[in-house]
Amino acid sequence: MRLGPFILRRLALSIFVLFGLSILIFFIARIVPGDPARMALGPRAPVDVVERLRQQMHLDKPLLQQYGLWLWEVAHGNLGGSLLTRRPVTQDIREFFPATLELVGLSALFIAVVGISLGVISARYANTWFDNVVRLFSYLGISTPAFAWAVILMLYFCFTLNIFPSSGRLTAGVIPPATITGMYTIDSLLNGRLDLFWDALVHLILPAIALALPPMSQAARLTRSSMADNQNKDYIASMIAYGVPIRIVTGKYLLKPSLVSPITVLALDVASTFGYAFMVEQIFGFPGLARYGIQVILNKDVNAIVGVVMVLGVIFITLNIVVDIIAAYLDPRIRLLGRNT
Amino acid sequence: MTNKETLISSSFENQWIRRLDSLKRTWYRFSKNWLSILGLVMVTTIVFLAVFAPYVAPYPQHSSKFVDFKNKNQPPSWQYLLGTDTIGRDILSRIIFAFRNALLMATAVLAISVPLGTLTGLTAGYYSGTWVDTVIMRVTDVFISIPHIILALTIAAMMKPTLMNSMIAITAAWWPWYTRMVYGMSSSIRNEYFVNAAELCGASNFHILFREILPNCYSTILTKMALDVGWVTLVGAALSFVGMGEQPPKPALGTMIADGVERMPGQWWIALFPALAIMFLVLGFNFFGDGIRDALSQEEA
């Protein structure tokens, strides 16, 4: 199988998963105890008003029909209205999401670049002091959740050393750059405002590191063990025997097959950072999806919760496709057999 | 005693001797790595603290409704080793009691997801290629497409915030991972000769699944369980951080951190020590789990 058909096959499979996910989320939304319409309007609303809202929300119809109607709306990009902000959920998401995406994007960069490089170097110099330090730190990194890292980093870098700001996306009083993508670092660059870019970046770095540390350690560990496994293969020995420079052997022939398994695991780890971003944003007072998400959770705003999870679900599935394609590119066996070994 | 009986009884004794022997060897391999021993010590400490919390905590009454405004916001001292929180409760005592809930949660979550995941994974793997495999694994795929932290958050968000409900939410997000792991092993073991032989002998499906395939999965499942105690605690703490799980005044590690963050940097100990407590617990179970993995995986080699 060439790469083209492989991608098509993978896409078809993920449409199925997306469909399944929509069923799962729909039913999760229906396990809420009590009547959503009653909850939205409060205990003192008159019965006929509640009844009208019930009809509006299609709550009076059979479950299967409710699902059908809901799916129809979702497919048209309508996630319903938020009961909390009284606005369409899509509008809320568009407003709060870029900040989170910026944060997660930067930490994904840390995870991929720093994590994998540390793993490669540590495998290259296996059982030296460097390797041991990386392994010890990766143990610590994995075992500490992002929000605990956030507390530790904040205490040290913001309050003890005083070199990073402890909250917000920009210094208080600074006017954000004109909105293009909603991500301050990119917007400020597009506007040619380097001072704003720096300000936004400084606010972003610490939360991004806190978020990245656990998956980064995981990446370093996986890359190291996968490299170490492949280092003992015959083809590497024969290349070294042929006199191919070690740098080329490591960088080209060893790295490629060794990256397949870490990368597939990393996709899910990066996806999980969206979950932990909730807590890290809360700690750093970073106004992203988390603040909205926590408000929404506390107020049991069903439409908004479902909307956020649905958007995240689409992102995860896309991420998985991208990663599978990268894996198929790296390892011909995957695209030839059509499955991940 | 007839010849046959001697044979049976001696082989029976031999079996026990062999088992004891293999246990000794496993322990030897486990104890070779000092990190595994450290993990064992940490895990034992945590379990001991959790089980005997009312007797070992310096101030057991601080684990629930208790107010002592005279001693609020005390920094760590000999009287309060890890300091006190905003209403004067001893943080060390609260951490010890929070360990109790964390272990209770991990036990409950694993007690349900491990059998469920193992059963579905075994079945799907043994019948791989049939519709049973397709149905089970596609459902699992859907659950796995979202990270368990998000799925657990979503489910917990829909229900009342109680310890019980957060356990349910985490369990719902946890079992598919066991299904997938066991499926991988089961679908490859089912092609081994000993399974074919059992099939040819006319062994029942039940026998093949539970007596032929399952025993080969024990060590991997056990390793994952040991590691998962830490991970379940971590996700549980994440849920309680956003206000789901054990409700105040009962202690939960996540809630303690969330409360403490508002008091930083002045009263740094309120947030820092619960954070370090989570680190200690997860690290302990990680060392321990990796030790078990090393000890058991060499057994097979």
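Visitor: At roughly what angle do the axes of H1(A) and H13(A) cross?
Guide: First, a caution: this is a predicted model. The axes of H1(A) and H13(A) cross at roughly 160° and come within 10 Å. An angle over 145 degrees counts as roughly antiparallel. H1(A) and H13(A) are therefore roughly antiparallel to each other. Their crossing is right-handed.

Visitor: How many nonpolar, polar and charged residues are in the contact of H1(A) with H13(A)?
Guide: The contact of H1(A) with H13(A) has 19 nonpolar residues, 3 polar and 2 charged.

Visitor: What about H11(A) and H12(A): at roughly what angle do they cross?
Guide: Roughly 105°, with the axes of H11(A) and H12(A) coming within 8 Å. That makes H11(A) roughly perpendicular to H12(A). From H11(A), the contact uses Ala277(A), Phe278(A), Glu281(A) and Gln282(A). From H12(A), it uses Ala290(A), Arg291(A), Gly293(A) and Ile294(A). By class, the contact of H11(A) with H12(A) divides into 4 nonpolar, 2 polar and 2 charged residues.

Visitor: Let me step back to whole chains. How many helices and strands does chain A have?
Guide: Chain A has 14 helices and 0 strands. Its C-alpha atoms fill a box of roughly 85 × 55 × 40 Å along the principal axes. Of its 341 residues, 40% count as buried.

Visitor: And how many helices and strands are there in chain B?
Guide: Chain B has 12 helices and 0 strands. Its C-alpha trace spans about 80 × 50 × 30 Å along the principal axes. Of the 301 residues of chain B, 44% count as buried.

Visitor: How do I read contacts along the sequence? What share in chain A joins residues at least 24 apart?
Guide: Set aside the local contacts, then ask how far apart the partners sit in sequence. Take contacts in chain A between residues at least 6 apart: 72% join residues at least 24 apart. For chain B, counted between residues at least 6 apart, the share joining residues at least 24 apart is 71%.

Visitor: Now the interface. How many residues of chain A are in contact with chain B?
Guide: 41 residues of chain A are in contact with 35 residues of chain B. Next, ask which elements supply them. Helices H1, H6, H7, H11, H12 and H13 of chain A each supply at least two residues of the side that touches chain B. H11(A) gives the most, with 9 residues. By class, this side of chain A has 35 nonpolar, 6 polar and no charged residues.

Visitor: How should I think about a nonpolar core, and how many residues has the largest one here?
Guide: Start with the general idea. In soluble globular proteins, nonpolar side chains tend to be buried together. In this model, the largest nonpolar core has 161 residues. Those with the most contacts inside it are Phe147(A), Ala150(A), Val151(A), Val280(A), Ala152(B) and Ile257(B).

Visitor: Which residues does Ile257(B) touch?
Guide: Leave out residues up to four places away in sequence. In chain A, Ile257(B) touches Phe147(A), Ala148(A) and Val151(A). In chain B, Ile257(B) touches Phe241(B), Ala271(B), Pro274(B) and Ala275(B).

Visitor: How many residues of H6(B) are buried?
Guide: 11 of the 11 residues of H6(B), residues 148-158, are buried, so this helix is largely enclosed by the rest of the structure. Among them are His148(B), Thr154(B) and Met158(B).

Visitor: Is Asn127(A) buried or exposed?
Guide: Asn127(A) counts as exposed, with 10 C-beta neighbours inside 10 Å.

Conventions:
Residues numbered from 1 in each chain as written. Chains lettered and ligands numbered in written order. Predicted model: local features only at pLDDT ≥ 70, side-chain atom pairs only at ≥ 80, totals over all residues. Contact = placed C-beta atoms within 7 Å. Helix = DSSP H or I, 4+ residues; strand = E, 2+ residues; numbered from the N terminus. Nonpolar A, V, L, I, M, F, W, Y, C, P; charged D, E, K, R; others polar. Axes fitted to C-alpha atoms, helices over the stretch in contact; angles between N-to-C directions. Parallel < 35°, antiparallel > 145°, perpendicular 65-115°, else oblique. Left-handed = near helix turned anticlockwise from the far one by under 90°. Buried ≥ 20, exposed ≤ 12 C-beta atoms within 10 Å, placed from the backbone. Core = buried A, V, L, I, M, F, W, Y, C linked by C-beta atoms within 7 Å.
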